[in-house]
Amino acid sequence: VQDPNDRRLRPIYDYLDNGNNKMAIQQADKLLKKHRDLHCAKVLKAIGLQRTGKQDEAFTLAQEVASLEPTDDNSLQALTILYREMHRPELVTKLYEAAVRKVPSSEEYHSHLFMAYARVGEYKKMQQAGMALYKIVPKNPYYFWSVMSLVMQAISAQDEKLSHTMFLPLAERMVEKMVKEEKIEAEAEVQLYFMILERLGKYVEALEVVRGQLGEKLTSELQSRENKCMLLYRQLKRWPECNALSYKLLLKNPDDWQFYLSYFDSLFHLIDQSWTPPEEGDHCTEGEVHCSISQAISFVEERLAAEEAKESRPLRGPYLARLELIQRLRQRSCSEEQQLGEPLELMFQFFVKFGDKPCCITDLKVFLDLLTPDQYVQFINRLTEAVPLGPAGEDDVALPGDTRALQRHLCVAQLSRCLGLQHALDTEGKLALIRELKIHYHHGLQFGKTCLKTELQFSDMYCLMAAHVYIDLWLETGNEQMLWHCLGLLEEGLSHSPSNAQFKLLLLLLFCRLGAFEPVVDLYSSLDAKHIQHDTIGYLLTRYAESLGQFAAASQSCNFSLRFFHSNQKDTSEYIIQAYKYGAFEKIPEFIAFRNRLNNSLHFAQVRTERMLLDLYLEADISSTLEESVKSMSLCPEEDDIPWDNIRDNRDLTVFVSWNPKDGQLNEEHRQRSVEEEALWLKIRSLTLRLVGCLSGLCHPPSVRNSEKTTENGVAAKPSTLQPLLSQLESTLSQGIQFTEKHSQQQYPILGPPSTRLAQALACGSCQCQLAALQLPIHLQELEVAGLDQSAELQAQISNLFKSLTIQLQDMLNKCKGDLLEVKDSRCKTQPSLLENLVFFVETICVVLWVSNYCGSTLRPLKSSLQKKKKKKKDTSAVTPVVLSGFQEFTSSLQSLLSQALEHIKGQESNLTALKLESLSLEGHPQTEAEGTFTKTVMDKVQSSYLRSLQEVGDLLRKRADTLKSLKI
């Protein structure tokens, strides 16, 4: 029979589900008038309030119900939902603790309590809750929940000794008890036992479990037992067993690459140890062992012979194994490699067999080192002869007749690029190559006429490679025409293949290099980055958003990333709960490690910091005071919330397809340098943010402003934090200067990580100027204590600081002057660095104005008390103190600086609007009409983006200029 309360509550649930929160609140109110003690209606009303932004009211209502310690299912479930939306999972635990106290025999409430502890990671309480559950309902899963919670205590314990002497042995004993009583039922329980033994380093015992009766339960993954045995043999350095097991598994499946690797690894370990099989009996528990190079050669050749004899399509494994063995023998300088054949010939045979598969290029790329440089041309010529092309047409280019021939031709082109043959061509040669690649690209489009929008065209890679050659030409000659052609070609590629991520990524990168951020926003959102990708490729977007003056888009791109990082917290707890429910115990530590890795992400720290700075630049002292803005961010300047020691670089720096030879590829040194540079820049930004936070804490409370007692209680919150932060910023800046000087000549590969804003910030003087400005409050505090009468030297010092700031800002503004986009001899030239300098100028102006505001609030009371003294003495001839006249000069020079900057921006806007880009000839390179249209589109996008940036920067500067009026003292 349906509970009448369920019937009454149903409409409220429906309103909440449909997002009609106001109606839900009204309906709940109606119901509560009739049924005052219907707790669930109150909670549902609170959910409606929470979702309409009335958090405090919602919380009060919820706590009213929670204090009554409800035990009805509806109220408990509704409160759980509400607390989850409030991000207060710890309150759910209190809820179910009370429910369990009142209904101690309820299996449901006990399991909800366990899951509530799991959400907040209370492993000790989880262990106790699991055992309490098992006592009420002796089911295996509950027992093993408790065991797993012990393992989690071991993993999360700071003291490793404690995990190995207490938690893990206890967990092991608990499982052994079940093994002895023969109560082990499920695979998950065996997996957990294996995990405990592995963490204790008891590999021999773990091996016995896997190979024994319990191991028979390991069936959910293919070859689960074999993989675990292999892992343990490696840990125990039992190379004979490792080798024999690999051999056995390769006989079964000669295409399983991981077992070829373990076969070769173990073989060479055995050779190094001069291992010999025993005279009698089996070689080892796993069977026959190979311990000489000749055995390995004959084994590989047998596998190859078996493939050759087959009627069906051959497998790639054995052919690649032969090349792998040659590579390893060559590394060890063994002469036996010659018995396997000449690498060039073998790779040619591989191409003949598998060249029409897209994986052929990735297979062969690994083994190109086996060729000597003088064989490169011969190798490519041999491959080209093996590609079935039709007769050459009017363009003198022979074209493939079907997609398989196209794939072969494409593979040869990619290999020749990997070998550096394309890079070696001169400018004429490269332009001819581009022409040929374009012909192949356009010809190949006919094979994909029936493709869906979401499918890639067969010939897309030709288009991408031509773009790469254009980039080579641009980098070598500095001729920006090549870049425009490249962008036009990629736009054309995208029109035929709208889902090609590589086209979008490369367009995104090149637009950012040109300083045009507007088109990038749509490109990134069309990539439809999911989940973890906001961390791995989000840097492509957030690195350029603000620095190119697109503040609205910058806010949006930071939000993309931040939304993912914040939801990760909530989602991971749910994954962990599901893992407990379904017994996927080995996944739980992985989920926790994943969560930690994201919390410690370098990108997360950067986005957090940049987002706060951006909000301050856009709002502080414009729509709300600096103090309010800092407060609303709950920014605490005393605390550094960045985990510097555990910071993780999760960027995917290989997201771009690249066929560059070894010397043009991203290497480990680049990666390390990039992380070091990112961390330095993050430290500078984070310290700047915290210093601004400190500054907001120094602002004088208005009640004190006009009183006589300014000197005693005017000096507000914790000035002590300011000095140490300034010293840190100073030393970080000097590290930054050393870093940029040391690496000034070294560039990252174009498809590698983008460099940070560090070098440019130092070159335009932005960091140095902000540091100088942020040192002013300390001198003003001294002045406040000393008063105006006894501080002539200090006043002169402050006055000089004002003058020096004016000079620095003027110098910064001069570095912004010039044309963003200029046309010379009907050629288009861009100078995106001018835009970046302009943004630095705006950021610095913001900091200087915040500091000036503080200066004004400190000097105002000093001036008014001085005037009062003058009135008493009736002395009107006294000279104005240096510091006051200095500040007045400073504010008027700020006014003129801002007027100059706005004039410059206005001039740039009218220049850009007047430019007629369609009339430009991109000579030196005849274009078809279609190509011309795409190039024109690209130029328009860049022009429109520059205008948008200038408009946003100008708007912000105008708003800042308005705040100057409040600086009068």
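**Reading charges and helices in a predicted model**

Author: In this predicted model, Asp-3, Asp-72, Asp-73 and Glu-108 form a negative surface patch.

Reader: Where does Asp-73 lie?

Author: Asp-73 belongs to helix H5, which covers residues 73-85. The relative accessible area of Asp-73 is 31%, so Asp-73 is partly exposed.

Reader: How should I read a salt bridge?

Author: Side chains of opposite charge can pair when their charged atoms come close. By the rule applied to this model, the count comes to 51 salt bridges. One of them joins Lys-139 to Glu-107, with the closest N and O atoms 3.1 Å apart.

Reader: Which parts of the chain does this pair link?

Author: The pair links distant parts of the chain. Lys-139 sits in the loop between helix H8 (123-136) and helix H9 (140-156), while Glu-107 is in helix H7 (residues 107-120), 32 residues apart. Lys-139 is partly exposed at a relative accessible area of 38%, and Glu-107 is partly exposed at 25%.

Reader: What does Arg-332 meet in a salt bridge?

Author: The side chain of Arg-332 meets that of Asp-272, at 2.6 Å from N to O. Arg-332 lies in the loop between helix H17 (317-331) and helix H18 (343-354), and Asp-272 lies in helix H15 (residues 257-272), so the pair ties together parts that are 60 residues apart in sequence. Arg-332 is partly exposed, with a relative accessible area of 33%, whereas Asp-272 is exposed, with 52%.

Reader: Is Lys-438 buried or exposed?

Author: Residues under 20% relative accessible area count as buried. Lys-438 has 11% relative accessibility and therefore counts as buried. Its salt-bridge partner is Glu-931, at 3.0 Å from N to O. Lys-438 is in helix H22 (residues 427-444) and Glu-931 in helix H42 (residues 929-963), 493 residues apart. Glu-931, at 9% relative accessibility, also counts as buried.

Reader: Which residues do salt bridges with shared partners join into one network?

Author: The network consists of Glu-546, Glu-610, Arg-685, Arg-757 and Glu-843.

Reader: How should I read a helix?

Author: An α-helix has 3.6 residues a turn, so residues three or four places apart point the same way. Helix H25 (residues 501-513) has 13 residues, which should span 18 Å at 1.5 Å a residue; the end C-alpha atoms are 18 Å apart, which agrees.

Reader: How many residues of H25 are buried?

Author: In H25, 11 of the 13 residues are buried, so the helix is mostly covered. Among the buried residues are Gln-502, Phe-503, Lys-504 and Cys-512.

Key: Residues numbered from 1 in each chain as written. Predicted model: local features only at pLDDT ≥ 70, side-chain atom pairs only at ≥ 80, totals over all residues. Heavy atoms only, no water. Patch = residues over 30% accessible without salt bridge, like charges linked within 9 Å, V, L, I, M, F, W, Y side chains within 5 Å. Areas by Shrake-Rupley, 256 points an atom, 1.4 Å probe, with all protein chains shown as cover. Salt bridge = Lys/Arg side-chain N within 4 Å of Asp/Glu carboxyl O. Lys, Arg positive; Asp, Glu negative; His and termini not counted. Charge placed at Lys NZ, Arg CZ, Asp CG, Glu CD. Helix = DSSP H or I, 4+ residues; strand = E, 2+ residues; numbered from the N terminus. Buried < 20%, exposed > 50% of the residue type's maximum accessible area, 1.4 Å probe, protein only. Expected span 1.5 Å × (residues − 1).
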